[in-house]
Amino acid sequence: MDIIEKLIAGHHEVKERVDILSKVVKTLDSDAFIWDNVLKISSFFDKEVKEHFKLEEKVLFPIMKKVLPKEKQEILKEIELEHKPILKMLEEFKKIAEKHSNLSSRLIRENFIAISHDIIENLIVHARKEDEKLFPLIKIYFSKENYKELEDAYFKYLKV
Ligand SMILES: [Fe+2]
Ligand SMILES: [Fe+2]
């Protein structure tokens, strides 16, 4: 699996987890609510999603920045700028997940629901944008050498 396939697979995983989160949020007030799910999702966000973002930022985006023509730089920039606010949401989610295992107060429940909805929306839109608008540019503009460069950067990144 090359790095782009790996990133696309990562998006599928994000969609799966986000679907689970939507269901979890809906069961919040019922007996079916399982806190364990929240912790699993939080740990997925904290490890896999953060790592995915880092890989894009450190390995893929710098090469794209170099290769893409001027008129395509804007979408790259736009997508790159979405990472930071999403990471903030994930951090917020983690904090709530770690601290409030029973979501006892109304305010905490409302906060949890709000941040979950923010994540559900933003993460999916972000991943879809990459799938539909960013990754296709790789196929158009990357030469064989650029793919090689991408692979080298990836292995170098793994070693650090
Ligand atoms: Fe991304
Ligand atoms: Fe991504």
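This is a predicted model: local features need pLDDT of at least 70, side-chain atom pairs count only at pLDDT 80 or more; totals for chains, interfaces and linings use all residues.
The buried residues of helix H1 are Leu7, Val14, Arg17, Val18, Leu21 and Val24. Residues are numbered from 1 along each chain as its sequence is written, while chains are lettered from A and ligands numbered from 1 in the order in which they are written.

What covers the buried residues of H1? The cover includes H2 and H4. H1 itself has 24 residues, which should span 34 Å at 1.5 Å a residue. Its end C-alpha atoms are 35 Å apart, which agrees. The expected span is 1.5 Å times one less than the number of residues.

Now take H1 with H4. Two packed helices are described by the angle between their axes and the distance between the axes. H1 (residues 3-26) and H4 (residues 106-141) pack at about 160°, with axes 10 Å apart. That makes H1 roughly antiparallel to H4; the label applies to angles over 145 degrees, whereas under 35 is roughly parallel, 65 to 115 roughly perpendicular and the rest oblique. Axes are lines fitted to C-alpha atoms, for helices over the stretch in contact, and angles run from 0 to 180 degrees between N-to-C directions.

The H1 side of the contact includes Ile4, Ile8, His11, Val14 and Val18. On H4, Ile113, Ile120, Leu123, Ala127 and Phe135 are among the partners. Contact means C-beta atoms, placed from the backbone, within 7 Å. By class, the residues of this contact divide into 13 nonpolar, 3 polar and 3 charged. Nonpolar covers Ala, Val, Leu, Ile, Met, Phe, Trp, Tyr, Cys and Pro; charged covers Asp, Glu, Lys and Arg; the others, Gly among them, are polar.

H3 (residues 73-99) comes next. Its 27 residues reach 41 Å from first C-alpha to last, close to the 39 Å expected. Met89, Leu90, Phe93 and Ala97 are its buried residues. They pack against H2 (35-67) and H4.

Step back to the whole protein. It has 5 helices and 0 strands. Helices (H or I, at least four residues) and strands (E, at least two) are DSSP runs, numbered from the N terminus. Of the 160 residues, 17% count as buried. The C-alpha atoms fill a box of roughly 55 × 35 × 20 Å along the principal axes.

Terms used
Two residues are in contact if their C-beta atoms, placed from the backbone, lie within 7 Å. A residue is buried if 20 or more other C-beta atoms lie within 10 Å of its own, exposed if 12 or fewer, and partly exposed in between; C-beta atoms are placed from the backbone.
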